[in-house]
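Open the model in your viewer and keep the sequence panel beside it. This tour says what to select at each stop and what is there.

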Amino acid sequence: MERKPIIGMTAANIPPPDWGEGKFLLDRDGQVRLYSEAVALGGELPVVLPLVRTPLDDESEDELAGGCGAGNLYDNARVYMESLDGLLLSGGGDMAPPTGATNPDHYRLVGRSRDVWESALRAAALDLDKPVLGIFRGM
């Protein structure tokens, strides 16, 4: 049996619903089922990659653009990408506005942690000559 390509799909952070005071729920990482179904229909095996978070208070624009972020994010992303055959950067909220943006209120559902993690994954995928597909924010 021939091995099917394994495609890593980036996850979105899903905050817990607001069910009132005293309800303890954790946020979670996940993805829209249609992405998984589309990848599977293409003959590949989809894998949802968790959102690796970093302390972002001291992140500069250069670190966001370069995809290395704090700590060993690029190294972690490279380990993932070495075991995958491709990367799907999924849709979702807007990328974080650049520092000094004139209309920062126009950006919705910004996730700076996700921006940095996906930049690291993209950089690792490209360094390893793996195909990358970006959907909406993933572009």
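**Stop 1: the sheet**

Select I6 and L45; in β4, L45 is the bridge partner of I6. The model is a predicted one, in which local features need pLDDT of at least 70, side-chain atom pairs count only at pLDDT 80 or more, and totals for chains, interfaces and linings use all residues. Residues are numbered from 1 along each chain as its sequence is written, and side-chain values use heavy atoms, with hydrogens and water left out.

Now extend the selection to residues 6-10, which form strand β1. Helices (H or I, at least four residues) and strands (E, at least two) are DSSP runs, numbered from the N terminus. β1 pairs with β4 in the parallel sense, over five bridges. Two strands count as paired if DSSP finds at least two bridges between them. In general, strands of a sheet pair through backbone hydrogen bonds, either parallel or antiparallel.

Next, show the whole sheet. It is open, has four strands in the order β4-β1-β5-β6, and its pairing is parallel. Which strands stand at the edges? They are β4 (45-49) and β6 (132-134); each has a single partner strand, so one side of each is left without a neighbour in the sheet. From one strand to the next, the twist averages 20° (axes are lines fitted to C-alpha atoms, for helices over the stretch in contact, and angles run from 0 to 180 degrees between N-to-C directions).

**Stop 2: S90**

Select S90, in the loop between β5 (86-89) and α4 (112-127). Is S90 buried or exposed? S90 counts as buried, because its relative accessibility is 0% (buried means under 20% relative accessible area, exposed over 50%, partly exposed in between, with a 1.4 Å probe and protein chains only).

**Stop 3: the salt bridges**

How many salt bridges are there? The count is two, where a salt bridge is a side-chain nitrogen of Lys or Arg within 4 Å of a carboxyl oxygen of Asp or Glu.

Select D85 and R3 for one of them; the closest N and O atoms are 2.8 Å apart. This pair links distant parts of the chain, 82 residues apart: D85 is in the loop between α3 (73-83) and β5, and R3 is in the segment before β1. D85 is partly exposed at 28% relative accessible area, while R3 is exposed at 52%.

Then select R78 and E82, whose side chains meet in a salt bridge at 3.3 Å, N to O. Both residues lie in helix α3, four residues apart, about one turn of the helix. R78 is partly exposed, at 27%, and E82 is partly exposed, at 49%.
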